[in-house]
Amino acid sequence: FLSVTEDLVRRRAEHNNCEIFSLEEISLHQQEIEKLEYLDKWCRDLKILYLQNNLIPKIENVSKLKKLEYLNVALNNIERIENLEGCEELKKLDLTANFIGELSSIEALKYNIHLKELFLVGNPCTEFEGYRQFVVATLHQLKYLDSKEIERSERIQALQNYPEVKQKIREQEQAYFLKRVREKEEAQRRMQERKDKKQKQMESKLGFDSPDSLQNKENRQAEGDKEQEKWRTIEDDEEDRRFWEEPTPYTPESRLETHRYIEEKRRAKDNIRESKKREKPLQTLVTAEGKVLNVNVPKLHFSLKDDEENNQIILDLAVYRHLDTSLLDVDVQPTYIRVLVKGKLFQLVLPEEVKPDSSSAKRSQTTGHLVVSMPKVCKII
């Protein structure tokens, strides 16, 4: 799972010169976070925390944020309200579109005496009969629930009916808990099915299914890489179609499963891309007949000067002025010179034979160019 990392927090703290200990506001929305941790240790001064549209299943590790005034955890996988007692200054809590079915867990918010606004729209508990009455009667400090102001008359009425409403809520919670047990079992079954299917596909590709499958695999390989890629794409499309068309209930499990599926597909595409990069044919530097070729992959300007006065050949290679010298690798051979510039190859055939051992390479102090001096083998007559 993905949790909150220091690197992520620093990157999101650009407005605070990447300092995190004094941060008062941070936005960590849409970061695929699956576990909420460390923030109460790193950012004690936080007043506003945005965590919407992640995959967080539980409110945790925020209780030491004593200055926190606004917490937004909308569109996550949270099922109950908890661990917020320590947020003494909490004024606004947004739990829109989560999976809170345990409505009685709002009782934990009684300790947040400054809480004025609460959002629970899009949670299963809002479907319960008596939902609004129960919240209004339980949390006396609230001024707004789901953007609607709580009138004094509404509170008085809610308090009068509180015992019966509370009983009703408990009964509906129990029914919801039983439904959740079934949903979790169903999600487990689906996950196992997908796992078994994947295992079978792997075995089939490795030729474990039947004596013919090895022959099929060899035939596929013989048909050429393009045909195989086409076949793989059709298979992937079919799997995609099945996955997206299969009706599933909207649950924390299905939301997580969808995320995992998308992530898996993305990784597979990245792997194919990487393998294609690796499969690129190696550049020919020397022909089969032994002829050395001129190569300029980094497309750099250069000049080759015959310094007759000092009996040497000088190569001036226009490498980028700010390029770190550690990213240059020079190899002088008797008949050619080879330079790696950030892993890209430059190779040049020399007009005369030179002495590799006596050659020297340095950076020009004026231009930053690489200057290689190569003494000739033949002495001046």
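Student: What should I keep in mind about the numbering and the values?

Tutor: Residues are numbered from 1 along each chain as its sequence is written, and side-chain values use heavy atoms, without hydrogens and water. Since the model is predicted, local features need pLDDT of at least 70 and side-chain atom pairs count only at pLDDT 80 or more, while totals for chains, interfaces and linings use all residues.

Student: What makes H3 roughly perpendicular to H4?

Tutor: Helices here are DSSP runs of H or I with at least four residues, strands are E runs with at least two, and both are numbered from the N terminus. The axes of helix H3 (residues 131-138) and helix H4 (residues 152-160) cross at roughly 95° and come within 8 Å. That angle makes H3 roughly perpendicular to H4, because 65 to 115 degrees counts as roughly perpendicular, under 35 as roughly parallel, over 145 as roughly antiparallel and the rest as oblique. Axes are lines fitted to C-alpha atoms, for helices over the stretch in contact, with angles from 0 to 180 degrees between N-to-C directions.

Student: Which residues of H3 and H4 meet?

Tutor: Arg132, Gln133, Val136 and Ala137 in H3 meet Glu154, Arg155, Ala158 and Leu159 in H4, where contact means heavy atoms within 4.5 Å. Four of the residues in the contact of H3 with H4 are nonpolar, one is polar and three are charged. For these classes, Ala, Val, Leu, Ile, Met, Phe, Trp, Tyr, Cys and Pro count as nonpolar, Asp, Glu, Lys and Arg as charged, and the others, Gly among them, as polar.

Student: Why are S9 and S14 at the edges of their sheet?

Tutor: The open sheet has four strands in the order S9-S10-S15-S14, with antiparallel pairing. Strand S9 (302-307) and strand S14 (360-363) each have a single partner strand, so one side of each is left without a neighbour in the sheet. From one strand to the next, the twist averages 15°.

Student: How do you know that S14 pairs with S15?

Tutor: Two strands pair if DSSP finds at least two bridges between them, and four bridges join S14 to strand S15 (residues 370-375) in the antiparallel sense. In S15, Ser373 is the bridge partner of Ser360, and Val372 is the bridge partner of Ala361. The hairpin of S14 and S15 has six residues between the strands, and Gly368 takes a positive phi near 85° there.

Student: What makes S8 and S11 edge strands?

Tutor: Their open sheet of four strands has the order S8-S13-S12-S11, with antiparallel pairing. S8 and strand S11 (328-332) each pair on one side only.

Student: How do you know that S13 pairs with S8 and with S12?

Tutor: Strand S8 (residues 295-296) and strand S13 (residues 344-349) are antiparallel over two bridges, with Asn296 opposite Phe346 in S13. Strand S12 (residues 336-341) and S13 are antiparallel over six bridges. Val341 stands opposite Lys344, and Arg338 stands opposite Gln347. Lys342 takes a positive phi near 50° in the hairpin of S12 and S13, which has two residues between the strands.

Student: Which helix gives the most to the lining of the largest cavity?

Tutor: H5 does, with four residues. The lining divides into two nonpolar, three polar and five charged residues.

Student: What is the volume of the second largest pocket?

Tutor: Its volume is about 450 Å³. Of the 19 residues that line this pocket, Met191, Glu253, Leu256, Glu257 and Arg260 are the closest to its centre.

Definitions and conventions. 1 Å grid on protein atoms, 1.4 Å probe; cavity = no way out; pocket = protein on both sides within 12 Å on 5 of 7 lines; lining within 4 Å. Points joined across faces, edges and corners; volume = space filled by probe spheres on them.
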